[in-house]
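Reader: I'd like to learn how to read a fold from its coordinates. Can we go through one together?

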Amino acid sequence: MTKYISTVKGVRWFEPLNMQIYRFLTKGVLMESEFFENAVKAYFGDCTFQEAFARTGRHVNITITASSEFSRGHLVLLNHISSPQVLIRSAVQATCSLPGLMQPVQLLAKDIQGNIVPYMKGGVKFLDGSLRADIPSKRLAQLFNATQYIVSQV
């Protein structure tokens, strides 16, 4: 029997409204990335795309966009095939990073020894993939031979 976690006690996704307003006026974003990171870590832990697929047999795909100078706008589709060692929590944080909401973030991954390390060298940061393409249909077709899509946007 599979258990689904709907809430984690004591975890807040967002800071109080007065803090969000202050941060937006002073830094141009509503949230500190670290605050949101604590929430996604409480929900997803240090599970990688590969570990999640092995546990559930379900294909999870998250689309993000590179924000760094040399690769600005480069669309990346993360899943157990293309990026098995990436932590799901860092992908969720990246896809929630929208201009004005949060700063772009680095992806995290597990190395061979199970240590948490940056996924890419050089400090490459990522933000929401929908800024470039809502549905990466070409890449999904390559990886999964998909021709029809069911999409959930929150």
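Reader: Which residues of α4 are buried?

Author: Keep in mind that this is a predicted model. The buried residues of α4 are I88, R89, S90, A91, V92, Q93 and A94. That makes α4 mostly covered, with seven of its eight residues buried.

Reader: Before we zoom in, how many helices and strands does the protein chain have?

Author: Five helices and five strands. Reading from the N terminus, the order is α-α-α-β-β-α-β-β-β-α. The chain has 154 residues, and 33% of them count as buried. Its accessible surface comes to about 10000 Å², with 56% of that belonging to carbon and sulfur atoms. As for contacts between residues at least 6 apart in sequence, 58% join residues at least 24 apart.

Reader: Back to α4, then. At what angle do the axes of α2 and α4 cross?

Author: Roughly 135°, and the axes come within 9 Å. Here α2 covers residues 33–44 and α4 covers residues 88–95. Angles over 145 degrees would count as roughly antiparallel, so α2 and α4 are oblique to each other. The crossing of α2 past α4 is right-handed.

Reader: Which residues make the contact?

Author: On α2 they are S33, F36, E37, V40, K41 and F44, and on α4 they are I88, R89, V92 and Q93. Sorted by type, the residues of this contact are five nonpolar, two polar and three charged.

Reader: What about a residue in a strand, say D128: buried or exposed?

Author: D128 is found in strand β5, residues 126–128. It counts as buried, at 9% relative accessibility. If you set aside neighbours within four places in sequence, the residues in contact with D128 are T63, I64, T65, A94, T95, S97 and L98. A94 is also one of the buried residues of α4.

Reader: And what is the relative accessible area of E51?

Author: It's 31%, which means E51 is partly exposed. E51 has its place in helix α3, residues 49–56. Not counting residues up to four places away in sequence, E51 touches D46 and K110. There is also a pair to check by C-alpha distance: E51 and L87 are 36 residues apart in sequence and 9.3 Å apart in space.

Reader: Last one, on backbone torsions. What is phi of N145?

Author: The general idea is that most residues other than glycine have a negative phi. Phi of N145 is near 55°, a positive value in a residue other than glycine. N145 lies in the segment after α5, which spans 137–144. With a relative accessible area of 67%, N145 is exposed.

Methods: Residues numbered from 1 in each chain as written. Predicted model: local features only at pLDDT ≥ 70, side-chain atom pairs only at ≥ 80, totals over all residues. Heavy atoms only, no water. Axes fitted to C-alpha atoms, helices over the stretch in contact; angles between N-to-C directions. Helix = DSSP H or I, 4+ residues; strand = E, 2+ residues; numbered from the N terminus. Parallel < 35°, antiparallel > 145°, perpendicular 65-115°, else oblique. Left-handed = near helix turned anticlockwise from the far one by under 90°. Contact = heavy atoms within 4.5 Å. Nonpolar A, V, L, I, M, F, W, Y, C, P; charged D, E, K, R; others polar. Buried < 20%, exposed > 50% of the residue type's maximum accessible area, 1.4 Å probe, protein only. Areas by Shrake-Rupley, 256 points an atom, 1.4 Å probe, with all protein chains shown as cover.
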